[in-house]
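Subject: Structure handover and notes

Hello,

Here is the structure we spoke about. My notes follow it, with cut-offs given where a term comes up.

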Amino acid sequence: MKLRAIITLTVYGILAAIASLWMAKQSYSWFPPEASAESKLIDDLFALFTGLGTFIYLGVIGPFFYSLIFHRAAKYDLSDGPAIEGNTWLEVIWTAVPLVLVISLALASYRTYNKMAIRGPMDLVHLHLPQLMETAYALPLDDTPQLQIQNALETAPVEHIDVTARQWAWIFRYPEQNVTSTELHLPVNRRARFTLHSEDVLHGFYIPAFRVEQYVVPNQDIDFEVTPIKTGTYRLRDSMYSGTYFAANQTDAVVQPVEEYRQWLAAAAAQTPTPAFNQAASEYARGQAQGGRAKENTAIKGWATIPPAPPPVTNYASKQVSNK
Amino acid sequence: MTTEQAIAQDIEAKVRHTQEREAAGNSKFGFIVFLLSESVIFLSFFTGYIIYKTQTPNWYPPGVTGLEIRDPAINTVVLVSSSFVIYIAERFLHDKKLWGFRLFLIATMAMGGYFLYGQAVEWSSLPFTYQSGLFGGLFYLLTGFHGLHVFSGIVLQAVMLGRSLFPGNYDNGYFGVEATSLFWHFVDVIWIILFGLLYLWQ
Amino acid sequence: MTDISLKVPEAVRAQPYPGAPDNWKRFFTFSTDHKVIGIQYIVTSFFFFLVGGAFAMVIRGELITPDADLIDRTAYNALFTMHGTIMLFLWTFPVLVGLGNYLVPLMIGARDMAFPRLNAVSFWMIPVAGVLLMASFLVPGGPSQSGWWAYPPVSLQNPTGNLINGQVLWILAVAISGVSSIMGAVNFVTTIFRMRSPGMTWFRTPAFVWAVLAAQLIQLYGLPALTGGAIMLLLDLTIGTSFFAPDRGGNPILYQHFFWFYSHPAVYVMVLPAFGTFSEVLPVHARKPLFGYRVIAASSILITIISGAVWVHHMYASATPPWMRMFFMVTTMLVAVPSGIKVFGWVATVWGGKIRFTTPMLFALGGISNWLFAGITGIFLGSVPIDLHVHNTYFVVGHFHYVLYGAIAMAIFAAIYHWFPKITGRRYYEGLGQLHFALAYIGTQLTFLPMHPLGLMGMPRRVASYDLEFAYWNVIASLGGFLLGVSTVPFILNMVSSWILGEKAGDNPWRAYGLEWLTTSPPSVENFEEIPVVISPPYGYGQDRPLVASNPNPKTIADSGFLIEQKTLSPEPE
């Protein structure tokens, strides 16, 4: 009897472990493309969490369902179950194991965080190359993202971009060339440093393909760094609820080869600034024409709104995509 | 009335007596719990004040260099000593000396009233308003919220004074007076912290 | 002979029986009976549950297509704000306070709460808050559109310029509900500390009472902080102070600290009574003692303590310094330890028992499985790097709906079904109950599971329109949401018809072991004829261990069948 229980448990444990591994592998497919070095680090960490989480879930839910299926009372059985009130050893184990587990998960998260070398808003220690010191005891899983960050920092100076968020537009300014744009362009394999400002309320600077987000806080200039490593066009979304047209406050982030990026900058610098298309402003204007709605073609009318700021005047404007 | 009924009445009276005593105990316990909870509001205001003050570069509104400390200090002495006065009032009640109780309760109210008056004078002479930046807002918020508590304390004391005029009101204990007195001490302690934060830490 | 047999029930009936539907008028009075107040809370909050649910249906209706086409953006923003506010402040909090109100005095062998009048006042503030909140639909500018967090500066933007606007009404309503909760908490804590019946030591107190105590302690230390923040927000909004207004030099991030210092622990205020319910329901329907009762009881208090230092995990992206991020990551993850103790204890309770799949048992089991899932995704969210990606996305929405609907609402339904015979004296219809469970359980998975992949893909929460790539999962979530809406129909049918027409339940239909089952169903005004003297710990299943020294209701209950294990299931004869 004892032996059978042990074998059953072992087999179930192995099956659960296999399932957890499979889930951990699967977890990479749940994300947008890995467009920044940081995103690889986060996806690895997420896979670790997914694997462990699945294992815990199956470890608990398996016996739970087993019990629900096999320990049901027979129809006319009115007797009670065994009067077991507890078991000190079991209780100690299931206090200690989660404790150890969460502490190690916290530690793993801490390492990932350090490797990302995100400059926190008030953090001056992390200024540069913190991961050089970290490599000695970094997780041996995959060093490429770290190396990529390192390489980006060593090969070229950090690319500075001023980001202004307002109700409801994003404006990107490249201070060296004095170019403004409503679309974010970034060179690939270069560390980019954003200085985030807000003109009115809180916004969230969020590019899902880069996996990192940061609130944009009025009256504060927040520095924020990422390392794009994959060319392509990704969505940049406002992630902090910012009022009526919050959902429309999106734009594109274009990661380009360095040469293309330089060309784009040069071309944009040659353009004279013109008012760019702005989803919120255009919806508002159309709504005003139709009796003060925030949006003209909805079934149910709403209430008055804060008017959007005028469309930004920029050298370069994103192609007019009607915002979904 | 039969003897059975008399016995039943007697038991009932006894039960009521213990119930009343228990109810008073509950009230006291509940009141202390409430005060502890109430103190968290002040604690959060204090924390806010400390954070704002340490993080704001230009703390005082233009033209203001600090707060005058002399009159508030007198006010503080008056308010803090009123805590002892209300304690004496309570002792009088404990010894069933109602006149002494009333006298000292009135004295406490007078001192509380003087404090509020002093506060009003200070408010009216200040060169800044609650719209004058963070400092202005916080100053009026903290002193105003505390002043509201002082006012409630005085109202409670007035109610207790009124109650003492009904004969036999305090025969079964005087939880109301204890609570009022406790509240008054609470208001005092809060003021001492407030005084330290607003006036001494400049 | 016939005369006497007629008179006996008459004499018993002399005391009005709260819970019977015949004298329903007393539910509209300022009653001080904790049982009447409990029912008032439960029914009122259920009404608001339907209102909040209707809003959710509109929200899901809007999100079934990528465009903002069903309702105006401002209306959408108002609806999700009101959905969150109503579901938390007018449904989950009050319904749990109602259950606690009804059950705690019965479970600890008291005749009422410590302060019956205060109790009634706390209840009547809830409809006032509700009316105020609803009234905000009628003022110019409409209801608050700043989300249930009411983060400034958005909450300080007042497009109409009126002094009476939706945001002001919102703050007042939340403040009133807060005052009501603080008064309720004082009442609960005093009752539990001072009014337990003789012999009921702490480790003879049911786990539900422990959980309510732990939850109410959080109210006491947390709510005042929110109140402080709300006062400052109100002053900013009305008289022009500058605490949180950045254009006047204020600091909007500080509001977030005030808000989350309470509002994260508030989740534990809601989930702890749900845990307590699981701990009560499982032993009864699995016929086994609660496994590790003492540890489960004490872990509630542990959660109270830890929850005081976790709030910044909502603010990893709010320009918080790294040391704060790291510190609060560790504390947040530590919550998994006491929560884990409970889950393992429940599984061990069920293990080897004699399980019966009654409706309350189904809801409790479903709630636990959902909680397990939500707990695990909660650890994900506690990790700073992962949260930096999923913060403010649908992953978070999915997570907390698994907590709030998957675990807490399921626990509330489990509690209502489990104690329905006690509260009303009648049995509910098992078939309808199981149908309700099936719909609710499937609806929960369909609605809230798709939100996780949506969040990982990067769909922000609170959007009225979204990119096409998110359409697939949103359609499923919307359909699931409508199923959840449908699932309340059998519940309402069941409750109303069973209360009026249901079969008489008898005093202890579940053969449960606990003080509340020692009295009549529904209990008389005074609960017990004599105050029971407790002589053993709760959950004595399978042990033939008497719970109390003598029958507290000698006149009304024939024999103390619950003192020694009752051997028959037959309902008491009429």
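Two strands pair if DSSP finds at least two bridges between them. Helices (H or I, at least four residues) and strands (E, at least two) are DSSP runs, numbered from the N terminus. This is a predicted model, in which local features need pLDDT of at least 70 and side-chain atom pairs count only at pLDDT 80 or more, while totals for chains, interfaces and linings use all residues. Residues are numbered from 1 along each chain as its sequence is written, and chains are lettered from A and ligands numbered from 1 in the order in which they are written.

Sheet in chain A

Chain A has an open sheet of 5 strands in the order E4-E10-E9-E6-E7, with mixed pairing. Strand E4 (184–187) and strand E7 (212–216) of chain A are at the edges; each has a single partner strand, so one side of each lacks a neighbour in the sheet. E4(A) runs parallel to strand E10 (residues 250–256) of chain A, and 4 bridges join them. A:His185 has A:Val254 of E10(A) as its bridge partner. Helix H6 (residues 258–270) of chain A packs on the sheet and touches E4 and E10 of chain A; its direction makes about 140° with that of E4(A). Angles run from 0 to 180 degrees between N-to-C directions, and axes are lines fitted to C-alpha atoms, for helices over the stretch in contact.

Helix pair in chain C

Helix H3 (residues 73–107) and helix H14 (residues 394–424) of chain C pack at about 30°, with their axes 11 Å apart. H3(C) is therefore roughly parallel to H14(C) (angles under 35 degrees count as roughly parallel, over 145 as roughly antiparallel, 65 to 115 as roughly perpendicular and the rest as oblique). Residues of the contact include C:Leu99 of H3(C) and C:Trp419 of H14(C); two residues are in contact if their C-beta atoms, placed from the backbone, lie within 7 Å.

A loop residue in chain C

C:Thr358 lies in the loop between helix H11 (336–350) and helix H12 (359–382) of chain C. C:Thr358 counts as buried because it has 21 C-beta neighbours inside 10 Å (buried takes 20 or more other C-beta atoms within 10 Å, exposed 12 or fewer, partly exposed in between, with C-beta atoms placed from the backbone). Leaving aside neighbours within four places in sequence, C:Thr358 is in contact with C:His285 and C:Glu430.

Regards
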